[in-house]
Amino acid sequence: MIHTHYNKAVHSIDKVKHHTTPLFTALKKYENEQVTSFDVPGHKRGLDPDYALNYYGLRTLRHDVNSMPTLDNFDHPTSVIHDAQALMADLFLAEEAHFLLNGTTSGIQAMILSTLKPKDKLLLPRNVHKSVLNAMALADVTPVYMVPEFDTEYGIAHNISVETVRKTITEHPDAKALFIMNPTYFGAVSDLKEIVDIAHNAGIPVLVDEAHGAHYRFSEHLPLSSMEAGADLAATSLHKTGGSFTQTSVLLFNSKLIDKHKVKSIINMLTSTSASFLLMSSLDIARQHLALYGEEKINNVLALVQSFKQKINKIPGFYMLEQEKFHTKYKQQLDETKLTIYIDHRLDLSGFEVYHLLRSDYDIQMELAEPNIVMGIVSFMDNEHELNKLYDALTNISHHHFKPDKPFVPPILKQMSIPMQKMGLRDVFYSETKVVQIEDALNEVCAESLMIYPPGIPILMAGEMITQEVIDYWKFINDQPIIKIGAENKNEVFIIDNKGDN
């Protein structure tokens, strides 16, 4: 049985229409033509049998082509790219859909650059992805951060409450846009429909980072997708949970508050004029597969996850978030394709250590870790075998590391305070900087955001003051076997050089 709080029905999909793949079909036709290529790309469809790129196969090279009349043009599509994007829009209930070839990052940049002018206020959660900060620096907008709900047991931030959104809009009636995640990296989902209604009643467009929500459209047991909830723009990563190649995403548009022509103009500004047909065709294929099989496959994997979660919760030392308790506590929903696994202190292992153990000893690659958790992601392609392999690995780790007699120590995790913003993001970008030891950076202005990757959510944002709390946490993070983004040397940090002496 799949537990759900969603009052939602899956909108019907015209499967006859979605059997077609306009772009992919055109590429297959071109592949079989005996074309002599005097255009780019330079690998010339695999003419040299000794070229190492041929390892990927002649079919791959023959689909890696340049724009031409029979294959359309990304900047101004009128035929097969246009038709493929129209089918994507139809599937996701949008007025328009634009292929993105630099990930949801470029979609986030396009949303912000096409909606806000310099110095405009953008309302957004504190726990946004680094791409949002970079987009704000490009647009020179003024951020107004909203504090998300924080889980003191798991040590992670969830989503923004409806009440926080309502209060922030009331306090900032001059805000020009609202930015929301659907879901957070850990799968927390606010009532997006109510949030959109609140914002629209105030005349504010809603921009959605839907990097991890491409599958929501296809199950009544999952939250509302951005377009179902009435959002104006949403950047949706088909590559994360929809099956397309890495780096591919779509920007979905359905707005009366935003100029759609400006949106397309900004996308063209941010995208190479040599757009990859391999990447675009993977979006066309993923869209077809989701339309034809998405609902059945996603519901099947959700049922597997329910069974998996019950088994995990019986392993000493591990525990997974439960939908009912989560909804009661936070008034938010939980995307159960996110396998967020809590690590009991009696295991004597941090989340980072469990993450490392799973990869090194069991050949299991999880998505990310935090001090108290490890997290994996399932998609409609997963099956019972993969979940059983993870269950067996966690059972074995528990057997070797769990200490049942270890005294209970209640978690003391808390949400870090939001440091004082001393400079705007764009001002930081153009400032002189220098590198110092993290211990010597107290009360200095951080010149480059500090974060763990994945997920790429900043611990400290550029332009904020470095506090002792940040110093202590960053030193702890630097001792963990994870990817850190900051200065090249782990105990150093970039700060603003007020004297200009680099």
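Visitor: Is Leu93 buried, partly exposed or exposed?
Guide: Leu93 sits in the loop between α3 and β1; helices (H or I, at least four residues) and strands (E, at least two) are DSSP runs, numbered from the N terminus. Buried means under 20% relative accessible area, exposed over 50%, and partly exposed in between, with a 1.4 Å probe and protein chains only. Leu93 has 28% relative accessibility, so Leu93 counts as partly exposed.

Visitor: Which pLDDT must side-chain atom pairs reach to count?
Guide: Residues are numbered from 1 along each chain as its sequence is written, and side-chain values use heavy atoms, with hydrogens and water left out. The model is predicted: totals for chains, interfaces and linings use all residues, local features need pLDDT of at least 70, and side-chain atom pairs count only at pLDDT 80 or more.

Visitor: What is phi of Leu93?
Guide: Leu93 follows α3. Its phi is positive, in a residue other than glycine, and lies near 65 degrees.

Visitor: What relative accessible area does Gln247 have?
Guide: Gln247 lies in the loop between α8 (238-241) and β10. Its phi is positive too, near 95 degrees, and Gln247 is not glycine. Gln247 counts as partly exposed because its relative accessible area is 39%.

Visitor: How far does α3 reach from its first C-alpha to its last?
Guide: α3 covers residues 80-91, which makes 12 residues. The expected span is 1.5 Å times one less than the number of residues. For α3 this expectation is 16 Å, and the reach is close to it, at 17 Å.

Visitor: Which elements cover the buried residues of α3?
Guide: The buried residues of α3 are Val80, Ile81, Ala84, Gln85, Leu87, Met88, Ala89 and Leu91. Contact here means heavy atoms within 4.5 Å. The cover includes α1 (22-31), β1 (96-100), β10 (249-253) and α10.

Visitor: At what angle do α3 and α10 pack?
Guide: Two packed helices are described by the angle between their axes and by the distance between the axes. Axes are lines fitted to C-alpha atoms, for helices over the stretch in contact, and angles run from 0 to 180 degrees between N-to-C directions. The axes of α3 and α10 are 10 Å apart, and the packing angle is about 35 degrees.

Visitor: Is the crossing of α3 and α10 left-handed or right-handed?
Guide: A crossing is left-handed if the near helix is turned anticlockwise from the far one by less than a right angle, and right-handed if clockwise. α3 passes α10 in a crossing that is left-handed.

Visitor: How many charged residues does the contact of α3 with α10 have?
Guide: Ile81, Ala84, Leu87, Met88 and Leu91 in α3 meet a set in α10 that includes Phe277, Asp284 and Arg287. Ala, Val, Leu, Ile, Met, Phe, Trp, Tyr, Cys and Pro count as nonpolar, Asp, Glu, Lys and Arg as charged, and the others, Gly among them, as polar. The contact has 10 nonpolar residues, no polar ones, and a charged count of 2.

Visitor: Which handedness does the crossing of α4 and α5 have?
Guide: α4 (103-115) and α5 (130-139) have axes that come within 9 Å and cross at roughly 35 degrees. The residues that meet include Ile108 and Ile112 in α4, and Val132 and Met136 in α5. The contact has 8 nonpolar, 3 polar and no charged residues. The crossing of α4 and α5 is right-handed.

Visitor: What are the edge strands of the open sheet?
Guide: The sheet has 4 strands in the order β11-β13-β15-β14, with antiparallel pairing. Two strands pair if DSSP finds at least two bridges between them. The strands that pair on one side only are β11 (318-320) and β14 (368-370).

Visitor: What angle does α12 make with β14?
Guide: α12 (351-362) packs on the sheet and touches β11, β13, β14 and β15 (373-377). Its buried residues include Phe352, Tyr355 and Leu358. The direction of α12 makes with that of β14 an angle of about 150 degrees.
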